Amino acid sequence: MSLTFNLMRATAAGGRRAQIDLPHQTVETPVFMPVGTAGSVKAVAQDVLESLGAQIILGNTYHLYLRPGHEPIRRMGGLHRLISWPRGLLTDSGGFQVYSLAQLRRVSDDGVRFRSHLDGSSHFFTPEHSMDVQIALGADIAMAFDECTEYPATRERAQESLRLTMAWARRSLDHFRAHQHETPWHEELGGRTQSLFGIVQGGVYTDLRRESAERLVEMDFDGYAIGGLSVGEPREATLEVISEVLPLLPKDKPRYVMGVGYPDEIERYARMGIDMMDCVLPTRAARHGLLFTSEGRMNIKNRQYAEDQNPPDPACDCMVCRRYSRAYLRHLIQAGEPLAGTLNSIHNLAFYLGIMRRVRAELGQG
RNA sequence: GCACAGGUGGCCGAGCGGUUAAUGGCAGCAGACUGUAAAUCUGCCGCUCCUUGGAGCUACGGAGGUUCGAAUCCUCCCCUGUGCA
C-alpha cells in the first residue's frame, strides 16, 4: 500500500519554498523541528511551542517504548493525544540510540539488543519492531531503523554499517507498508496514514553516501533523511556530504538532515534546499545557559550579566526578550530555578524558528 | 560554675606526627554541548611572581612548648554546642 496523497507541494511560483502535507499539519518548509524525545520538548509546554510557531516536533521510539510504553500510548489514541499536540509529529526510530547508547547495546544483522538506561533491562529492537512501535505512537512521520555510523569510522566500518542500514531500510519499509493503516488515528483522519522516511548513511565517504541515496530512492520512501552527521566530523565534511547527497534525492519529497545544527548551519542547509532539520542544541544549550542571539553565543551564566538589564537579544522580539533581562535570566540559572531552562529554551527555539521563517520568506520570493 | 563534645581554606566537612596548600561536597569563576542515558559534563578555585614547570609567602581559634619535623602531641587562654547546677 503506497501513499495516496502528494506529500510535498510547491507553493510560491518559482520559489523553492514548499509545504509538506501531513495528517496533523501542513508544514511550511524549510522547517526546524524542536526535539521532544520523551514526549516533551524539555522545559517547554505545548501551548508555548504552538505560540512560538513550531509546526512539527520529534519524539523518540526507544524512549517512549521504555516509558510509558507504546501499547499504552496506542490505547490512548497515539502520541499526539497523549501529549496534547495537535500539529506535526515525527518519531526517530531508535537508530540514533544504536550510536549514542554504544555502551549499552549489541548489534547484529537482525537487530540491536539494548540494555535500558532506565533499569538495565534487556530489549531487542529490529526494524520490524521499530516500525510497530512507531505505528502505535502514530507520529505523522516515522523513520526507518538505521545505524548512525560513528565518526571516525574506517571505510570498511562505514561500508559495513551502511550495508546494515540498507538492509534495515528495506525491512522497515516492507513492514511499515504492510501495517501503516494500523496507526491509532487512521480512520479518524479519513484514512490518512503515516509517512516513512529512509535514512542515508555512509560516514564521510561520498561514494558510499551516493550509493546509499540511490538505493533508498529506488525503494521509494515518502521522504529522505541524511543521517550520521554532526557526530564529530569536520564541518567541511558535513557540508560535502550534504552537497553530494542532496541532488540525488527527489525534489518532490521532503529532504531532511538529521541532528543539525548551530544557527549558521541550519540557515546554510536550508538555503541549500534542505526541507527539514532537527536538533537538541537549542534546548539543551538553553538549559545549560547558552543562548543563541543575533550577536552570537551568549553564556548567560557569566558574571558580566549579573546586573545587565538589557534583554538577552535586543534584536529579538520573542516573549522572553520582550519581558525579561539578562540579569534575571542569569539569576534564575545561578539559583537553579527550573524557569531558567524554560525561558532560555523559549528564546533559543524562537531564535531557531525565526531563522527558518526568514529563510522561507526569502525563498518564497524566488 | 562543673561535665562532655567541638573550633580546619567563602560555607559544610575529612584528616589526627612527615608523601598536607591540606580528601570530599557546596558556593564561586570559566569552557563544552549538533536525529537528548545531558537542568549534564570538564577545567580553575589561599596570595604573589616567572614560560609549561616551577619559585616564594601565608595558612588548620590564640599564645607558648615538645620534636629533625605539628592541623595532628602538651600547657594556658579565648570561643561555640549540649547536659547538669
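1. Let's start where helix α6 ends. The residue that follows α6 is G138, and its phi is positive, near 75°. Keep in mind as you look at this angle that the model is predicted.

2. Now step back into the helix itself. Is α6, which spans residues 127-137, mostly covered or mostly open? Mostly covered: 9 of its 11 residues are buried. You can find them in the structure as P127, S130, M131, D132, V133, Q134, I135, A136 and L137. For this count, a residue is called buried if 20 or more other C-beta atoms lie within 10 Å of its own.

3. Next, a word on sheets. Strands of a sheet pair through backbone hydrogen bonds, and the pairing can be parallel or antiparallel. This model gives you an example of each kind, described in the next points.

4. The parallel example is an open sheet of 8 strands, in the order β4-β14-β13-β12-β11-β10-β6-β5. Its edge strands are β4 (31-34) and β5 (56-60), each of which pairs on one side only. From one strand to the next, the twist averages 25°.

5. Strand β4 runs parallel to β14 (residues 276-279), and 4 bridges join the two. Which residue of β14 is the bridge partner of V31? The partner is M276.

6. Helix α8 (residues 206-219) packs on it and touches both β11 (195-200) and β12 (223-226). The direction of α8 makes about 160° with that of β11.

7. The antiparallel example is an open sheet of 3 strands, in the order β7-β8-β9. Here β7 (105-107) and β9 (122-125) are the edge strands, and each pairs on one side only. Neighbouring strands are turned by 15° against each other on average, with direction ignored. Strands β7 and β8 (residues 112-115) pair over 3 bridges in the antiparallel sense, and V107 stands opposite V112 in β8.

8. Finally, turn to the RNA. How many residues surround RNA strand B? There are 48, and the closest are C148, S230, G259, G261 and V280. Several elements each supply at least two residues of this surface: β5, α5 (95-100), β14, α11 (281-287) and α13 (338-364). By class, the surface near RNA strand B has 18 nonpolar, 21 polar and 9 charged residues.

Terms used: Residues are numbered from 1 along each chain as its sequence is written. Chains are lettered from A and ligands numbered from 1 in the order in which they are written. This is a predicted model: local features need pLDDT of at least 70, side-chain atom pairs count only at pLDDT 80 or more; totals for chains, interfaces and linings use all residues. A residue is buried if 20 or more other C-beta atoms lie within 10 Å of its own, exposed if 12 or fewer, and partly exposed in between; C-beta atoms are placed from the backbone. Two strands pair if DSSP finds at least two bridges between them. Axes are lines fitted to C-alpha atoms, for helices over the stretch in contact, and angles run from 0 to 180 degrees between N-to-C directions. Two residues are in contact if their C-beta atoms, placed from the backbone, lie within 7 Å. A residue is near a molecule or strand if its C-beta atom, placed from the backbone, lies within 6 Å of it. Ala, Val, Leu, Ile, Met, Phe, Trp, Tyr, Cys and Pro count as nonpolar, Asp, Glu, Lys and Arg as charged, and the others, Gly among them, as polar.
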